[in-house]
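Welcome! Please keep the 3D view open as you read.

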Amino acid sequence: MELTDIVRKRRMIRRFDQRPVPSETIDRILDLARRAPTAGFAQGVDFLVLDTPETITEFWRLTDDPEDPMDPDDIAHGPTVIVLPIADKRPYLARYSEADKIEYGMDREENWPVNFWEIDAAMASMLALLAAVDEGLGGWFFGIATGERELLDHLGVPEGIRPVGVLGFGYRAEDEGPSGSGAARKRRALEEQVHRTTW
């Protein structure tokens, strides 16, 4: 599939067939994702894959908000693979402490104008979503509103690092259709979003 077609076809999928996705397919997706840009080639993005019914069930149990619980049908038709793209600032601070980077002063977190470890994890996530389309899968990027630290502790993720969101992958359910904000709102015109020479 051509890149242009992949980009135009990509959208968030929220309803999945429950067929398991082969681990080799996820490995191919993540191999492409890890080739995203990385500041100073620090490579501080890791991917934690949950791909068994037990780990998926535990993910939903730990992150479901008791004040606003998810619809059980949404969970039952959720992704069969969940990937946490984890941003780790430590490799960036270490890399920018090296002789060829130290002059920039970014060996200290407070000197970074933006957290490139989070940007790099977001770019890797976008590549993963595109790679999923190429593999014939649906992809969904969403956030964790409740229970993040409990989940990370349960999964053995060290303190001080966290995901930039959650990637859900799986085969699209037959009755899946556009939903969410993208289904209700129109895309802005190119002319509204592109500013040349001046704002």
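## Helices α3 and α7

Helix α3 (residues 53-63) packs with helix α7 (residues 148-155) at an angle of about 145°, and their axes are 8 Å apart. Axes here are lines fitted to C-alpha atoms, for helices over the stretch in contact, and angles run from 0 to 180 degrees between N-to-C directions. Helices (H or I, at least four residues) and strands (E, at least two) are DSSP runs, numbered from the N terminus. The crossing of α3 and α7 is right-handed; a crossing is right-handed if the near helix is turned clockwise from the far one by less than a right angle, and left-handed if anticlockwise.

On the α3 side, the contact (heavy atoms within 4.5 Å) is made by E58, F59, L62 and T63, and on the α7 side by E150, L151 and H154. These residues divide into 3 nonpolar, 2 polar and 2 charged. Ala, Val, Leu, Ile, Met, Phe, Trp, Tyr, Cys and Pro count as nonpolar, Asp, Glu, Lys and Arg as charged, and the others, Gly among them, as polar.

## About the model

You are looking at a predicted model, in which local features need pLDDT of at least 70 and side-chain atom pairs count only at pLDDT 80 or more, while totals for chains, interfaces and linings use all residues. Residues are numbered from 1 along each chain as its sequence is written, and side-chain values use heavy atoms, with hydrogens and water left out.

## Helices α2 and α6

Now turn to helix α2 (residues 23-33) and helix α6 (residues 116-134), which pack at an angle of about 140° with their axes 8 Å apart. That makes α2 oblique to α6: angles under 35 degrees count as roughly parallel, over 145 as roughly antiparallel, 65 to 115 as roughly perpendicular and the rest as oblique. The crossing of α2 and α6 is right-handed.

Which residues meet in α2 and α6? I29, L32 and A33 in α2 meet A124, L127, A128, A131 and A132 in α6. The residues of this contact divide into 8 nonpolar, no polar and no charged.

## Aromatic pairs

Rings of Phe, Tyr and Trp (its six-membered ring) pair if their centres lie within 6.5 Å; planes under 30 degrees apart count as stacked, over 60 as edge-to-face and the rest as tilted. By this rule the count comes to 9 aromatic pairs. One of them is stacked: W60 and F142, 5.8 Å centre to centre, with 10° between the planes. The pair links distant parts of the chain, since W60 lies in helix α3 and F142 in strand β3 (residues 138-142), 82 residues apart. W60 counts as buried at 6% relative accessibility, where buried means under 20% relative accessible area, exposed over 50% and partly exposed in between (1.4 Å probe, protein chains only). F142 is buried as well, with a relative accessible area of 12%.

Y92 and W117 form a tilted pair, 5.9 Å centre to centre with 50° between the planes. Ring pairs also link Y92, Y96, W112, F116 and W117 into a cluster.

Back in α3, I56, F59, W60, L62 and T63 are buried. The buried residues of α3 pack against β1 (45-50), α4 (72-76), β2 (81-87), β3, α7 and β5 (166-170).

Finally, find R10 in the loop between α1 (3-9) and α2. At 25% relative accessibility, R10 counts as partly exposed. Not counting residues up to four places away in sequence, R10 touches M126, L129, L130 and V133.
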